[in-house]
Amino acid sequence: CELFATGMKAKWDARVYIDLYAGSGFTRIRDTQRLLLGSPLIALSVPDPFDRYIFCESDPDGLSALKARAKRLFPNAEVRYVPGDVNENVRLILDEIPQHRRDYRVLSFCFVDPFSVEIKFDTLRRLADGRAMDFLILLALGMGRGWLVAPLLGTFDRVAVGAHLGGLEPVRLVLLAVVGALVRLAVALGVGANLLGADLAA
C-alpha cells in the first residue's frame, strides 16, 4: 500500500485505505512470542499517509485494541471504524468513503485478507460499483504446510469458493494467494520495529 499511497498522492484529491479484516493491529506468529505489525498499522505508517482510513473488524475485543493502538501511535490520522460482518455492512463502509465529485476525485485501496473464504464476491462488487477502487486480495487457502499444494490438488471446498467468489477458477485463486502472501511478507519485514516497541512498552 506504500507504493499506492505515494504514487497516487498527486493524482487524486483523496486517497482512502479500506481494510475489511483489520484485526487488532498486531499479528502473533503461531507457536512463538514474535509479533508483527498488522495491516492497519502498516498502512498508517506509510511515508505518505492516506487521507482517510476505514478499518472493519467483527471481533469487538480486536476492534477495541485496534482503536487504542491507532489513537496512541497515529493520533493525527483520520480513521473510521466499522464493526461487524463486512458482508452485512457494505452500506456502512460506503457511508465512510468521501463522496467523489468532478472537482474532488476520490480513489480507494481495499485490502481483503480474510481468515477463510468468507468474503462474498457481491460484497466486493457493491463496494466498487460506480467508484474508483483498487483491490488487493489475499485468500489464505490452506496456508501453512502445503499451503500452495493444497489448492492445486483441489483439497479446498470448491463449492464454497464458487459461492463466495463468483466462480473464480482454482488457478486464479492460487495466484491471488501467492501475490498477496508475497506482498504481505515484503511489507511486514520492511516496516517499523519502532512502532512495535512503542506498543509493547505502553
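## Helices and strands

The protein chain has 9 helices and 7 strands. These elements are DSSP runs, numbered from the N terminus: helices are H or I with at least four residues, and strands are E with at least two. The model is predicted, so local features need pLDDT of at least 70 and side-chain atom pairs count only at pLDDT 80 or more, while totals for chains, interfaces and linings use all residues. Residues are numbered from 1 along each chain as its sequence is written, and side-chain values use heavy atoms, with hydrogens and water left out.

Of the 202 residues of the protein chain, 43% count as buried. Buried means under 20% relative accessible area, exposed means over 50%, and partly exposed lies in between (1.4 Å probe, protein chains only). The protein chain exposes about 11,200 Å², and carbon and sulfur atoms supply 55% of this area; accessible areas come from the Shrake-Rupley method with a 1.4 Å probe, and for residues only the protein chains shown count as cover. Among contacts (heavy atoms within 4.5 Å) between residues at least 6 apart in sequence, 76% join residues at least 24 apart.

An open sheet is formed by 5 strands in the order 5-4-1-6-7, with parallel pairing. Its edge strands are strand 5 (79-83) and strand 7 (132-137), each of which pairs on one side only. Two strands pair if DSSP finds at least two bridges between them. On average, neighbouring strands of this sheet are turned by 15° against each other, direction ignored. Such angles run from 0 to 180 degrees between N-to-C directions, and the axes are lines fitted to C-alpha atoms, for helices over the stretch in contact.

Across the sheet, strand 4 and strand 5 pair in the parallel sense over 5 bridges, and E57 has P83 in strand 5 as its bridge partner. The chain passes from strand 4 through helix 3 to strand 5 in a right-handed β-α-β crossover. Right-handed here means that, with the strands pointing away from the viewer, the path from the first strand over the helix to the second runs clockwise. Strand 1 (residues 14-19) pairs with strand 4 over 4 bridges, again in the parallel sense; Y17 has Y53 in strand 4 as its bridge partner, and D19 has F55. Strand 1 also pairs with strand 6 in the parallel sense, over 6 bridges, and R15 stands opposite L107 in strand 6. Strand 6 (residues 106-112) and strand 7 run parallel and are joined by 6 bridges. F109 stands opposite D134 in strand 7.

## Helices on the sheet

Helix 3 (residues 60-73) packs on the sheet and touches strand 4 (52-57) and strand 5. The direction of helix 3 makes about 175° with that of strand 5. Helix 5 (residues 121-128) lies across strand 6 and strand 7, and runs at about 150° to strand 7.

## Two covered strands

In a regular strand the side chains alternate between the two faces of the sheet. From strand 1, A14, V16 and I18 point one way and R15, Y17 and D19 the other way. Strand 1 is mostly covered, with 6 of its 6 residues buried.

Strand 4 is also mostly covered: 6 of its 6 residues are buried. R52, I54 and C56 point one way from strand 4, while Y53, F55 and E57 point the other way.

## Aromatic pairs

Rings of Phe, Tyr and Trp (its six-membered ring) pair if their centres lie within 6.5 Å; planes under 30 degrees apart count as stacked, over 60 as edge-to-face and the rest as tilted. By this rule there are 9 aromatic pairs. The rings of F4 and F50 have centres 6.1 Å apart and planes at 15°, so this pair is stacked. Because F4 lies in helix 1 (residues 2-7) and F50 in the loop between helix 2 (39-44) and strand 4, the pair ties together parts that are 46 residues apart in sequence. F4 counts as buried at 12% relative accessibility, and F50 counts as buried at 5%.

Y53 and F55 form a tilted pair, because their ring centres are 5.9 Å apart and their planes are at 45°. Y53 counts as buried at 1% relative accessibility and F55 at 0%. Ring pairs link F4, Y17, F50, Y53, F55, Y81 and F109 into a cluster.
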